[in-house]
Amino acid sequence: MEKMSETKANILELMWVNEEPLISKQIAEKLGLKPRAANMHLTWLAKEGCVTKSNSGEYTLTASGREAIGFPKTDEKLARKVLSKTSKEKAFHFYKGIGQPTGVMSDSLNDFCEKLKTMDVKIVEFHTERGDFETWVSSLGDAELAKRLKVIRGTKLSDEALRKKTYESLKTRCNELLNIE
């Protein structure tokens with residue numbers, strides 16, 4: 001693959017952050033590109049295997065596209081490591097605030113995801129503001145999910161919108177890891 005331009009890298013990052021397929025027009029609008037330029041970049045990215053285009057014209061980021069923007073290849077070994085149970089010491093312990101443990105902990109990514117679904121939003125906000133979720137996920141070995149959580153932290157969402165977005169990102173990643181062959 002020839003050296004990727006900043007614009008192509010920006011397209012891949014936008015697709016990664018969005019987590020859902022996008023059409024060329026959406027990509028052009030979100031990045032301030034002319035439609036023709038967006039199409040040219042997307043055609044090159046598709047040729048290089050970084051994105052795929054559906055029959056309906058939607059572009060999706062591929063594993064090669066993720067690698068091109070700096071994420072390690074997620075293989076079966078990494079998926080198993082990230083999804084496996086941790087020791088009690090390495091489990092995630094939920095707090096209401098500094099020095100205020102809830103007594104709830106998660107010893108796996110799947111368990112964490114399920115508990116987050118019903119966790120008090122103030123607890124989710126507390127940990128998000130501190131970067132605790134991304135730190136724990138990183139300790140499991142998942143740099144990509146840690147970056148997704150950091151991006152969510154940067155959106156300044158709060159309350160139910162924050163919990164929903166965090167949960168959806170966790171659930172999507174758990175499903176991705178479960179489907180690694």
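**A guided tour of the predicted model**

Begin with the largest pocket, which has a volume of about 160 Å³. On a 1 Å grid over the protein atoms alone, a pocket is an open set of points where a 1.4 Å probe fits, with protein on both sides within 12 Å along at least five of seven lines; grid points are joined across faces, edges and corners, and the volume is the space filled by probe spheres set on the points.

This is a predicted model, in which local features need pLDDT of at least 70 and side-chain atom pairs count only at pLDDT 80 or more, while totals for chains, interfaces and linings use all residues. Residues are numbered from 1 along each chain as its sequence is written, and side-chain values use heavy atoms, with hydrogens and water left out.

**The pocket lining**

Select the lining residues (those with an atom within 4 Å of a point), including Trp16, Tyr59, Arg66, Arg148 and Glu176. S3 supplies the largest share, three residues; H1, S3 and H10 each supply at least two. Helices (H or I, at least four residues) and strands (E, at least two) are DSSP runs, numbered from the N terminus.

**The sheet**

Next, select the three strands of the open sheet, ordered S1-S3-S2 with antiparallel pairing. Two strands pair if DSSP finds at least two bridges between them. Strand S1 (22-23) and strand S2 (51-53) stand at the edges with a single partner strand each, so one side of each has no neighbour in the sheet. Helix H1 (residues 6-18) packs on the sheet and touches S1, S2 and S3 (contact means heavy atoms within 4.5 Å). The direction of H1 makes about 90° with that of S3; axes are lines fitted to C-alpha atoms, for helices over the stretch in contact, and angles run from 0 to 180 degrees between N-to-C directions.

**The largest nonpolar core**

Now select Phe94, Leu109 and Phe133, which touch the most other members of the 26-residue core. A nonpolar core is a set of buried Ala, Val, Leu, Ile, Met, Phe, Trp, Tyr and Cys residues joined through side-chain atoms within 4.5 Å. Buried means under 20% relative accessible area, exposed over 50%, and partly exposed in between (1.4 Å probe, protein chains only). Leaving aside neighbours within four places in sequence, the contacts of Leu109 include Val82, Trp136 and Leu170.

**Two backbone details**

Finally, select Lys156 in the loop between H9 and H10. Lys156 is not a glycine, yet has a positive phi of about 65°, and is exposed at 69% relative accessible area. Asp159, in helix H10, also has a positive phi, of about 50°, and is partly exposed at 37%.
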